[in-house]
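I open these notes with the model on screen and go through it element by element.

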Amino acid sequence: GSPPLVFAMTYPYSSHNYEFRFWMAAGGIHPDRDVMMTVVPPPLTADALTAGAIDGFCVNAPWNMIAVERGIGRVVATKSDLWPSAPEKVLGVRPDWADANPDTLSRLIVALDAAARWCDLPRNRAHLAEILADERYIGTPADVLFRLLDGRFTIDPDGRVRQIPDYFVFHRNGANFPWESEALWIYSQMIRWGQTAFEPGHVAQAARAFRPDLYRAALAHTDTAIPLADRRIEGLDPALVPTTRGDLVLTGDHFLDGGPFDPAAIADYVAGFAIRSETVARSAHF
């Protein structure tokens with residue numbers, strides 16, 4: 001008879017929404033029946049938690065640690081618990097703009113690659129934290145940002161710390177390669193929660209949101225190791241991936257529920273979830 005718990009995420013079509021739902025459903029909680037989901041901008045989540053407007057949230061760092069630092073929240077799971085190499089922030093442009101400005105787009109990709117290399121060096125993390133702390137960017141204390149960049153999470157108001165190796169990987173292990181299979185996993189979750197239907201044409205459309213061809217072309221003359229394939233099975237044990245610079249060893253990247261995702265079997269993957277949208281359950285495809 002109690003009102004349902006209210007949980008916030010950044011946007012109904014955000015990675016935070018899909019990963020939060022994935023996490024809850026893996027624990028037997030139906031996000032559309034058992035709780036109430038709402039949208040709160042990330043910088044306001046700690047305030048909303050303090051005011052009692054929400055009971056929890058899934059947003060990007062550092063807003064999780066800000067809630068802990070204020071003594072009003074605790075971190076119960078991180079990205080590395082759900083899917084360590086899940087796609088997050090992107091360099092995104094419209095297809096028509098990309099076609100009209102190929103040189104500018106190529107330069108942007110090269111700049112992103114160079115910046116990611118710099119950010120990956122531990123000796124640069126303190127400086128990076130100072131840059132991000134500026135009010136023009138994140139506007140939070142540099143020491144909090146540095147601890148996050150170092151993978152040191154203060155997880156509760158009592159000061160307990162969790163160390164997460166390689167919590168932030170900016171460049172190593174093909175971190176920026178736009179795998180089409182990652183885009184298709186997001187599409188599978190859109191199907192799972194009734195936001196769209198499974199259609200072969202939609203599969204191709206979703207895959208085109210990630211452009212490994214543009215990435216390869218822009219970085220062809222650099223020493224960045226670029227995978228030769230566009231897709232892979234996500235969520236497997238460590239594996240060798242052929243690249244333009246020899247084989248790249250990708251670390252294990254398991255999903256929270258332990259199940260792999262084969263982009264060639266999206267319908268079967270979605271049908272295998274016991275908890276999913278009723279819209280999907282009634283669909284003729286399943």
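**Helix α9**

I take buried as under 20% relative accessible area, exposed as over 50% and partly exposed as in between, with a 1.4 Å probe and protein chains only. Helices here are DSSP runs of H or I with at least four residues, strands are runs of E with at least two, and both are numbered from the N terminus. I note for all entries that this is a predicted model, in which local features need pLDDT of at least 70 and side-chain atom pairs count only at pLDDT 80 or more, whereas totals for chains, interfaces and linings use all residues. Residues are numbered from 1 along each chain as its sequence is written, and side-chain values use heavy atoms, with hydrogens and water left out.

The buried residues of α9 include Glu180, Glu182, Trp185, Gln189 and Arg192. From its first C-alpha to its last, α9 reaches 18 Å, close to the 18 Å expected at 1.5 Å a residue, where the expected span is 1.5 Å times one less than the number of residues. Just after α9, I found glycine 194 with a positive phi of about 75 degrees.

Just after α1, glycine 28 has a positive phi of about 90 degrees.

The axes of α1 and α9 come within 10 Å and cross at roughly 65 degrees; these axes are lines fitted to C-alpha atoms, for helices over the stretch in contact, and angles run from 0 to 180 degrees between N-to-C directions. I recorded the crossing as left-handed, a term that applies if the near helix is turned anticlockwise from the far one by less than a right angle. In this contact, Tyr18, Glu19, Phe22 and Ala25 of α1 meet Trp185, Ile186, Gln189, Met190 and Arg192 of α9. The residues of the contact divide into 6 nonpolar, 1 polar and 2 charged, where Ala, Val, Leu, Ile, Met, Phe, Trp, Tyr, Cys and Pro count as nonpolar, Asp, Glu, Lys and Arg as charged, and the others, Gly among them, as polar.

**The parallel sheet**

In which order do the 3 strands of the open sheet stand? I read the order as β2-β1-β3, with parallel pairing, and two strands pair if DSSP finds at least two bridges between them. β2 and β3 stand at the edges with a single partner strand each, so one side of each is left without a neighbour in the sheet. The twist averages 30 degrees from one strand to the next. Between β1 and β2 I found 4 bridges in the parallel sense, and methionine 9 has valine 39 in β2 as its bridge partner. Helix α1 packs on this sheet, touching β1, β2 and β3, and its direction makes about 140 degrees with that of β1.

**A hairpin**

Strands β6 (residues 239–243) and β7 (residues 246–250) run antiparallel and are joined by 5 bridges. They form a hairpin with 2 residues between them, and alanine 239 has leucine 250 in β7 as its bridge partner.

**Backbone exceptions in loops**

Most residues other than glycine have a negative phi, and most peptide bonds are trans. I therefore looked up the exceptions. Aspartate 166, in the loop between β5 (161–163) and α9, has a positive phi of about 55 degrees although it is not a glycine, and at 52% relative accessibility it counts as exposed. Asparagine 173 lies in the loop between β5 and α9 and has a positive phi near 55 degrees, but at 31% relative accessibility asparagine 173 counts as partly exposed. The peptide bond from alanine 61 to proline 62 is cis, with omega near 15 degrees, and proline 62 lies in the loop between β3 and α3 (63–69).

Definitions and conventions
Contact = heavy atoms within 4.5 Å.
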